[in-house]
Amino acid sequence: MNSSRTWKSGERCRISGTYRCQNCHLGGRDTVQAFEAGRILPMCDQCSDLDVTWMLRQVAPRAVTA
Ligand SMILES: [Zn+2]
């Protein structure tokens, strides 16, 4: 089971916001990407793992589109 704040690549993003790659984090890197709710979480382009875990760091504010 997932915790409430982590999702794997290939799962659907449920909360718009910025996410940290946990695989990178374990490797000492700090890779953060912003994803919008509804999109499928991608693989990380900073590490070669095929299956990465994204952890929600910060929920995006509403109505951020210009
Ligand atoms: Zn990564």
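I took helices (H or I, at least four residues) and strands (E, at least two) as DSSP runs, numbered from the N terminus. The model is a predicted one, in which local features need pLDDT of at least 70, side-chain atom pairs count only at pLDDT 80 or more, and totals for chains, interfaces and linings use all residues. Residues are numbered from 1 along each chain as its sequence is written.

**Sheet.** I counted two strands as paired if DSSP finds at least two bridges between them. On that basis the four strands form an open sheet in the order β1-β4-β2-β3, with antiparallel pairing. The edge strands are β1 (6–8) and β3, each of which pairs on one side only.

**Pairings of β2.** Strand β2 (residues 17–21) is joined to strand β3 (residues 32–35) by four bridges, and the two run antiparallel. Within this pairing I found Thr-18 opposite Ala-34 and Tyr-19 opposite Gln-33. Five bridges join β2 to strand β4 (residues 53–59), again in the antiparallel sense. Here Tyr-19 has Leu-56 as its bridge partner in β4, while Arg-20 stands opposite Met-55.

**Pairing of β1.** Strands β1 and β4 pair antiparallel over three bridges, and I noted Thr-6 standing opposite Met-55 in β4.

**Met-55.** Met-55 has its place in strand β4. Is Met-55 buried, exposed or partly exposed? I called a residue buried if 20 or more other C-beta atoms lie within 10 Å of its own, exposed if 12 or fewer, and partly exposed in between, with C-beta atoms placed from the backbone. Met-55 is partly exposed because 15 other C-beta atoms lie within 10 Å. For contacts I required the C-beta atoms of two residues, placed from the backbone, to lie within 7 Å. Not counting residues up to four places away in sequence, Met-55 touches Arg-5, Thr-6, Tyr-19, Arg-20 and Gln-22. I also looked up Val-32, which is 23 residues from Met-55 along the chain, and found their C-alpha atoms separated by 9.3 Å.

**Cys-24.** Cys-24 lies in helix α1 (residues 22–26). This residue is partly exposed because it has 17 other C-beta atoms within 10 Å. Leaving aside neighbours within four places in sequence, Cys-24 is in contact with Arg-29, Asp-30, Thr-31, Cys-44, Gln-46 and Cys-47. Between Cys-24 and Trp-54, 30 residues apart in sequence, I noted a C-alpha to C-alpha distance of 9.8 Å.

**Whole chain.** Buried residues make up 15% of the 66 residues in the protein chain. Among its contacts between residues at least 6 apart in sequence, 59% join residues at least 24 apart.
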